[in-house]
Structures are given as C-alpha cells and as structure tokens.
Amino acid sequence: MEYRRLPHGSEEISVLGFGTSSIGMAGEKEAEAAMTLALENGVNYFDMASADAVPFAAFGRAMAGGRDKVYFQIHFGADYADGKYGWTTDLDTIKRSVDWQLRALKTDYIDFGFLHCLDEEEDLRKALTGGTLDYILELKKQGVVRHIGMSSHTPQVVWKALDAGILDMLMFSINPAYDYRNEDEYAIGSLDERQKLYRRCEAEGVGISVMKAFSGGQLLNAGTSPFGKALTEYQCIQYALDKPGVLTVLPGVRGREDLKRILGFAKAAPEEKDYSILGGLVPGDAEGKCVYCNHCQPCPAGLDVGLINKYYDLALAGDALAKSHYANLEKKAGDCVGCGHCNERCPFHVVQTERMQTIREYFGE
C-alpha cells in the first residue's frame, strides 16, 4: 500500500480509502468483515458518509484495539436518526448525530470533522456563521476533532472555503466525466476551474479525498460512459491520484468482493492503470494540457516530464514550495534535448518540447 502525508499534519494516509455509501446493504456482519479485510491490507482512511447507520457499530467492532491505525471522516450534517441517511444544517441535530456516531464507533475523537455536502454558497454561509463551524472549532480545542474538512461538488464554494482558511482536507468529486463533460448535478465547473482548484489545494497544503471516482459507475460501462467507451476502476483511481492535492481515493465498497478487487490496484501493472485512452475521447479544449499522466515516459534524457509540469503549474498557482521542489530535481526542463519523444507519445497532444522551454525560462535556468 502506498501512503501520502497530510500536509497540515503528520498522518500517513493510504491512497486507497474506503467509501461506506453502499456497504450498509450487505449488513453488519459483512460490513465488519470488509473493514477487517481493509485494515489487514493497509487501508487506514474511512469516510463515514453512509446511506444508512449500519457501518458505524460494525466498524466500531472491527477496529477494536486499533483506533490509532484508523482515520475517520465524520460528517457534521449527516444524520441517521431514523437509521437512514439524512442531510441537515440544524445545529442541535448535528450535535446529536455526531454524538451518536462517536458512540457507535466506540471512539472519543474524530480525525477529520467535515462540514458536510456544501454545494451552495448559502449552505457554506450558514455553516460558517450559523454555529456549525464554531462547534467543530470548539471540539478541536478540546482535542475531540483533529482536523477540519469539507465535502462539496462545487469549485466556487470550495474556493470560498479556502479563502476562509479553515480547511485541512477536502472531499471532492474527481473523475474524467466530471472534469471533461458539460455540467450536470455533480459535474460542476469547467475543466480549467476544476484543475485550478486542485492546484490551489496542493499549493495551500489542503489534502483531497476523492469521492465518485467512477462517476457512480457510469465510467465503467460503455453504454453509460459519456465517452462511449468504458474505463476500468484502476484507470479511474490512477486518474484521480495523479491530480494535485489528492491523498486518497474512496471507492464505494459493497462488501469484501468489491474490496478485494479494489485492493488489486496496489499490485496492478502500470499498463492496467494507464488512462491514456482518454486522449482520444476528451473534448478539444482539453488538448494541449498536461495532466501529469507520464504516458510520455521513459524520457530519453531522463526527465520526469509529469513532475516538471506539475511543479511549474503549482508555482504559477502560488505554491511557495514548488520552486524549491523543482530546484531539487536531478533533471530539469533545461536538460530537455528536444528529441520529440514525449510529443509523439502524449495522448493529450501537449508539445512538451516547447513547454520545457517555457518552464526553463520561468525558473530562470
């Protein structure tokens, strides 16, 4: 299992997480067994925005004696009073729900306390001024909440939350369908707007946990994929992990069979994760933009083309550390010999030989 460090902390988070939206349908016994299997295979990050109350007690039993090995996203706004998921902004209801979630999980602290599902600016305003954020901040002072996060599908709402300087973690929907298609209920924001958001998160040290990596399963079926071709789970996971700021991907797990298949990603060959097929499917306005997929590798001159591009984009986005990270690269843009190997292999038709010249000049080589 690969782990990525939370910038605003010391937590090492598994790149494969566990989404609980559908696990409740399998029942408590299977939910407990699935979490046990996840822990045995190095998964340590669990999102608790579930469709029902089933996973909470089951997970509490599964992690008995191993709380320090688990990171929970607990949502302040998800309510399970009647056993099923409900969304609320009422502070008293939120307090009762959070207390119930802690008791069901048999824990006395929350790793990531999340402002839940804020897709409208008015919802964010209510959370920031109506007592929910103050409640989370008070719990943080008490040591009950370790980090503050937010879940959203809307870039402009996340942007305002980032402006407020409150986030350590963001749960956001990332997949090719949302990044490259026209807007719908969840595919919100243009390609440039979404990519700019990912870069800002990395520049400001806000980690991203990814929801809806498979676009609700649409991308896995040629008949429902907006591209007319199916992608695999591994391609979708790798696509999300290659985005700036992303720490972990949270596939919805329905039981151990789903989990076993997802865990195969950790040992899958690079070609099984290669999503370069997208180069021939995405709209024209996506062409010429590096997505850091490294399909151009190996570079004859030894450059890590994707990483060079990422540090450049992050530097443009205001990441103060990007320049020093770039300076520490063994091979830089100035080492490009202009052979054109990367140009020929890039599925997104980026002219990297020209881009390397631009990057070289930007960093003053």
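## The largest pocket

The largest pocket of this predicted model is lined by 34 residues, and those nearest its centre are Ser21, Ala49, Met211, Lys212 and Gly252. On a 1 Å grid over the protein atoms alone, a pocket is an open set of points where a 1.4 Å probe fits, with protein on both sides within 12 Å along at least five of seven lines, whereas a cavity is a set from which the probe cannot get out; a residue counts as lining if it has an atom within 4 Å of a point. Rolling a probe the size of a water molecule over the atoms shows where empty space is left. The volume of the largest pocket is about 810 Å³, where a volume is the space filled by probe spheres set on the grid points, which are joined across faces, edges and corners.

Helix 10, which covers residues 256-263, gives the most to this lining, with three residues; helices (H or I, at least four residues) and strands (E, at least two) are DSSP runs, numbered from the N terminus. The lining of the largest pocket divides into 13 nonpolar, 13 polar and eight charged residues, where Ala, Val, Leu, Ile, Met, Phe, Trp, Tyr, Cys and Pro count as nonpolar, Asp, Glu, Lys and Arg as charged, and the others, Gly among them, as polar.

## How the model is read

This is a predicted model, in which local features need pLDDT of at least 70 and side-chain atom pairs count only at pLDDT 80 or more, while totals for chains, interfaces and linings use all residues. Residues are numbered from 1 along each chain as its sequence is written, and side-chain values use heavy atoms, with hydrogens and water left out.

## The second largest pocket

The second largest pocket holds about 520 Å³ of space and is lined by 26 residues, of which Glu202, Gly245, Leu307, Lys310 and Tyr311 lie nearest its centre. At least two lining residues come from each of strand 1 (3-5), helix 8 (191-203), strand 12 (246-249) and helix 12 (305-316), and helix 12 supplies the largest share, four residues. By residue type, this lining divides into 13 nonpolar, five polar and eight charged.

## The sheet and its strands

Eight strands form an open sheet in the order 3-4-5-8-9-10-11-12, and their pairing is parallel. Strand 3 (18-19) and strand 12 stand at the edges, each with a single partner strand, so one side of each is left without a neighbour in the sheet. Strands of a sheet pair through backbone hydrogen bonds, either parallel or antiparallel; here two strands are taken to pair if DSSP finds at least two bridges between them. Strand 5 and strand 8 run parallel and are joined by four bridges, with Gly113 in strand 8 as the bridge partner of Ile74.

Strand 11 (residues 207-211) is largely enclosed by the rest of the structure, because five of its five residues are buried, a word that means under 20% relative accessible area, with exposed meaning over 50% and partly exposed in between (1.4 Å probe, protein chains only). From strand 11, Gly207, Ser209 and Met211 point one way and Ile208 and Val210 the other way. Strand 11 runs parallel to strand 10 (residues 169-173), to which five bridges join it, and Met211 is the bridge partner of Ser173. Three bridges join strand 11 to strand 12, again in parallel, and there Ile208 stands opposite Val246.

## Salt bridges

A salt bridge is a side-chain nitrogen of Lys or Arg within 4 Å of a carboxyl oxygen of Asp or Glu, and by this rule the count comes to 19. One of them joins the side chains of Glu30 and Arg256, at 2.8 Å from N to O. This pair links distant parts of the chain, with Glu30 in helix 1 (residues 28-40) and Arg256 in helix 10, 226 residues apart. Asp111 forms a salt bridge with Arg67, the closest N and O atoms being 2.8 Å apart. Asp111 lies in strand 8 (residues 110-115) and Arg67 in the loop between helix 2 (54-62) and strand 5 (71-76), so the pair ties together parts that are 44 residues apart in sequence. Asp111 and Arg67 are buried.

Within helix 10, Asp258 and Arg261 meet in a salt bridge (3.1 Å, N to O), and, being three residues apart, they are separated by about one helical turn. Asp258 is buried, with a relative accessible area of 8%, whereas Arg261 is partly exposed at 35%. Salt bridges that share partners join Glu233, Arg254, Asp258 and Arg261 into one network.

## Cysteines

The structure holds zero disulfides, a disulfide being a pair of cysteine sulfur atoms within 2.5 Å. The sulfur of Cys299 is 6.1 Å from the closest cysteine sulfur, in Cys339, which is too far for a bond. Cys299 counts as buried at 19% relative accessibility, and Cys236 is buried with a relative accessible area of 0%.
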